[in-house]
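Q: Hi! Could you walk me through this one? I'd like to ask about bits and pieces as we go.

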Protein chains: 2
Amino acid sequence: MKGIRQLAEHLNISIGTVSRALNGKPDVNQETRRRVLAAAEELGYVANQSGRSLRQGETKVIGLMIESSKETVENADNFFLGVTSGLQSVFARHKLDLLMLPCPSDEDPHEYLKRMVARRIVDAMIISDTQRVDRRIDFLSRAKIPFVALGRSLSASNFPWIDLDFEGVADHAVERLIALGHRRIAITAPSSEANLGYLFIESYRRALERHDIPFDPSLVIRVRSSEQGGYQAAHELLLLEERPTAVILIYELMAIGLYRRLMESGVMPGRDLAVIGFRDAPRARFLQPSLSCFRISLYDLGVALGRMLLATMPVYREFYPGDGRNIIWPLELMPGESDAFDVGAMV
Amino acid sequence: MKGIRQLAEHLNISIGTVSRALNGKPDVNQETRRRVLAAAEELGYVANQSGRSLRQGETKVIGLMIESSKETVENADNFFLGVTSGLQSVFARHKLDLLMLPCPSDEDPHEYLKRMVARRIVDAMIISDTQRVDRRIDFLSRAKIPFVALGRSLSASNFPWIDLDFEGVADHAVERLIALGHRRIAITAPSSEANLGYLFIESYRRALERHDIPFDPSLVIRVRSSEQGGYQAAHELLLLEERPTAVILIYELMAIGLYRRLMESGVMPGRDLAVIGFRDAPRARFLQPSLSCFRISLYDLGVALGRMLLATMPVYREFYPGDGRNIIWPLELMPGESDAFDVGAMV
DNA sequence: ACGCACTCCGTAAACGTTTACGACTGTAGG
DNA sequence: CCTACAGTCGTAAACGTTTACGGAGTGCGT
């Protein structure tokens, strides 16, 4: 099957009518429409996207940009595949397709993004891994490309984003640990420029101060957000002269390395040191003792991202009233065994 | 910047010349070319892909189809992100872009694929998760869409594929265990129709027979390839009247559940039961005792897939002579502690 | 003066689709 | 009989690009 022209000839109908019939336009006879649809099905005709895109100036494709760096490969833990399902469930209603755009590790993400939208491969973008200062956001805003970011940024004051509630997580974790009697609480932060790190630490500091616990910079451990980073974090914790009784991790994968390093020194997580991880990712579910962490429904997050994106697009806006507002995504604590002890008994 | 027309006007040059200059065609003056490239850079012009694709009948996009089912999200462990880097390193040389096409879980993979290629979103495809009988392969072959499959199939006798050497893995694992004195060796197989399961079991059977050990069907445990599947596999192993002394897993994630179930019954992996997993995936690296498994370089695998794909495409074939042959991808055993004991001492 | 080769560039058609516009019916109302 | 209108359909232009073709100009040899 070559194109709509052959289909039209086969039916002895004009090409315009065929197009209208296929696209559900009103001014076409019911019977004709039926014949067209039947023939299209029979001959396996599907519209060539290039022609359609060229004419309408839109591709009906939404891009989800992800980094494919070595670090991401090791660490990302299918996070994006998880939100993908939610996104697709929203997009399917409008016959939009979701494509994942993996930015090569040797290409500047900003350049990659520019290339993709300039080539008109996608109509809109979902970007993630938002940096504290992120040129992509300024670019997309100026170019008036619809987009939504997973993660806040300082770049533009006003753009659509959803961010996990890192502040809530840090706050909640500190409150919980203090309630269990802890006074000396360490925390990890990423060594990168990702914005979430700053929010995380800041919220931690505020929570401490609320309870009149002085902020001690030596308790903020800056390591890579990886298993090795967790191992190193534990190492540094053990070296502190006045050892903390609890630690809050910003990334669940770190718990694995942390556990190992602790056990090497005979320090038992959940008994000698309270640990609160971050997300309930698959990899973290298998730790013993089980990790206290925060649950996220990736599917729901994807749905919210999808709705917010469409709410920024004129064509679809009407379907999603009220979905334009930025969201700080709440997380629910799933208590595990890794912090389930009262520090009072320890001292 | 609207299009090539504006760029041409801005330069007082015809649109044809601009196009030729940008595309590196020979018949254009050096000085003119320089001016065009400079202006394009300055004005941020990038060719509209729709127009280009329409004209040339190709999109310069390669699709990597992946499943985004709930199971994949839980289990896939960034496998695809890993091969992505390798693929991109090959494609970049030809200015080809790689896009990941996540098939929604509620859509038939075959229909999804048909839709994508019929819409001409991609020029070529990489498919994975090959089924024993896979309609996608027949479809792509007949439609003459260049493709390469990750995984063999029985569908078409002759199509480009690379498959992990499951037979070698099973064979190697059995040989190793027998050398350690084991005679009663269990194995797991997926409950799905994936082709690899059949190859795995068949090779296991042959290896046993080579050593005159009778094949016992009750030692083939069919469970889902997941952590839960591993848990259940252990459960079934423990119920066997004559308990095996070793087990070979087809999927490393199963080891996590298996370990847990074993320990619940006081059976220590690596001491009371030898375990050999499959891939050295990140999640499996953190088990204690460390899992004996097989190493794969996902990057290299991606490179091989990319080269093989291009070798099937007339335009690029010349660059990749000898890359057209199917590959059974060898795996290298990484000995761990999970099988490092001599069964002789046990009995 | 002429022909020829060569370099460079402009013209216009083509790719497959959507859609504004107008044409053609048939019907109803005056 | 005329007009208005709704329903249906065909025509042709437009989207942005690439590329076959041919033309203009130059240099060179005869």
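**Chatting through the model**

A: Happy to! One place to start: Pro289(A) sits in the loop between β9 (274-279) and β10 (292-295) of chain A. Helices (H or I, at least four residues) and strands (E, at least two) are DSSP runs, numbered from the N terminus. This is a predicted model, where local features need pLDDT of at least 70 and side-chain atom pairs count only at pLDDT 80 or more, while totals for chains, interfaces and linings use all residues. Residues are numbered from 1 along each chain as its sequence is written, and chains are lettered from A and ligands numbered from 1 in the order in which they are written.

Q: Is the peptide bond from Gln288(A) to Pro289(A) cis or trans?
A: That bond is cis, with omega near -5°.

Q: And in chain B, what is the omega from Gln288(B) to Pro289(B)?
A: Omega is near -5° there, and the bond is cis. Pro289(B) lies in the loop between β9 (274-279) and β10 (292-295) of chain B.

Q: Switching to the chains, how many residues of chain A are in contact with chain B?
A: 38 residues of chain A are in contact with 37 residues of chain B, where contact puts the C-beta atoms, placed from the backbone, within 7 Å. On the chain A side, the elements giving two or more residues are α4 (49-56), α5 (70-75), α6 (79-91), β2 (97-103) and α7 (109-118). By class, that side of chain A has 18 nonpolar, 14 polar and six charged residues. For the classes, Ala, Val, Leu, Ile, Met, Phe, Trp, Tyr, Cys and Pro count as nonpolar, Asp, Glu, Lys and Arg as charged, and the others, Gly among them, as polar.

Q: Is α6(A) largely enclosed or open?
A: Twelve of the 13 residues of α6(A) are buried, so this helix is largely enclosed by the rest of the structure. Buried takes 20 or more other C-beta atoms within 10 Å of a residue's own, exposed takes 12 or fewer, and partly exposed is in between, with C-beta atoms placed from the backbone. Among the buried ones are Phe79(A), Phe80(A), Leu81(A) and Phe91(A).

Q: How far does α6(A) reach?
A: From its first C-alpha to its last, α6(A) reaches 19 Å, close to the 18 Å expected at 1.5 Å a residue. The expected span is 1.5 Å times one less than the number of residues.

Q: What about α10(B), how far apart are its end C-alpha atoms?
A: They are 23 Å apart, which agrees with the 22 Å that its 16 residues (195-210) should span. Its buried residues, including Leu199(B), Phe200(B) and Tyr204(B), pack against α9 (166-179), β6 (185-190), β7 (220-223) and β8 (246-248) of chain B. After α10(B) comes Asp212(B), with a positive phi near 60°.

Q: Which other residues have a positive phi?
A: Arg120(A) is one, at about 60° although it is not a glycine. Arg120(A) lies in the loop between α7 and β3 of chain A and counts as buried, with 21 C-beta neighbours inside 10 Å. Lys60(B) is another non-glycine with a positive phi, near 60°. Lys60(B) is in the loop between α4 and β1 (61-67) of chain B and counts as partly exposed, with 17 C-beta neighbours inside 10 Å.

Q: Now the sheet. What does β3(A) pair with?
A: β3(A) pairs in the parallel sense with β1 (residues 61-67) of chain A over three bridges, and with β4 (residues 147-150) of chain A, again parallel and over three bridges. Pairing needs at least two bridges found by DSSP. Met125(A) is the bridge partner of Gly63(A), and Val148(A) is the bridge partner of Ile126(A).

Q: Which way do the residues of β3(A) point?
A: Ala124(A) and Ile126(A) point one way, Met125(A) and Ile127(A) the other way, and all are buried.

Methods. Contact = placed C-beta atoms within 7 Å.
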